[in-house]
Amino acid sequence: MPSVGDFYRCPEGHKAKIVWISEDKKVIAVKCPQRHFNKVVKVTDHERPALSSRRHHTKERKVYVRDLVFLIRI
Ligand SMILES: [Zn+2]
């Protein structure tokens, strides 16, 4: 039976730590210190001046976050 403070694999396979367990022991929360892909955001591309177009040139940038907490049904 897992307990708070134990190591558990996050959904992406990293070594994460259990930070919370539900009272019925069916759901646990694990906090993973590794980077996880979060989302793609559009940012203004300053390398390409937008002279001929009214639209801003944008490029996509991937956002990663650390210390995500996952809820896992066990
Ligand atoms: Zn992870």
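View 1. Along the sequence the pattern reads β-β-β-β-β-β. Of its 74 residues, 5% count as buried; a residue is buried if 20 or more other C-beta atoms lie within 10 Å of its own, exposed if 12 or fewer, and partly exposed in between, with C-beta atoms placed from the backbone. Among the contacts with a separation of 6 or more, 40% come from residues 24 or more positions apart; a contact requires C-beta atoms, placed from the backbone, within 7 Å. Residues are numbered from 1 along each chain as its sequence is written. Because the model is predicted, local features need pLDDT of at least 70 and side-chain atom pairs count only at pLDDT 80 or more, while totals for chains, interfaces and linings use all residues.

**View 2. The hairpin of β1 and β2****.** Strand β1 (residues 7-9) pairs with strand β2 (residues 15-21) in the antiparallel sense over 3 bridges; pairing requires that DSSP finds at least two bridges between the strands. Y8 has A16 of β2 as its bridge partner. The hairpin has 5 residues between the strands, and G13 takes a positive phi near 90°.

**View 3. The hairpin of β2 and β3****.** Strand β3 (residues 27-32) runs antiparallel to β2, and 4 bridges join them. I21 is bridged to I28 in β3. Between these two strands lie 5 residues, and K25 in the turn has a positive phi of about 60°.

**View 4. The open sheet of 4 strands****.** The strand order is β1-β2-β3-β6, with antiparallel pairing. β1 and β6 (68-73) stand at the edges with a single partner strand each, so one side of each has no neighbour in the sheet. On average, neighbouring strands of this sheet are turned by 45° against each other, direction ignored; the strand axes are lines fitted to C-alpha atoms, and angles run from 0 to 180 degrees between N-to-C directions.

View 5. K62 is exposed because 9 other C-beta atoms lie within 10 Å. Leaving aside neighbours within four places in sequence, K62 is in contact with F37 and V40. The C-alpha atoms of K62 and K42 are separated by 8.9 Å, and the two residues are 20 residues apart along the chain.

Notes: Contact = placed C-beta atoms within 7 Å.
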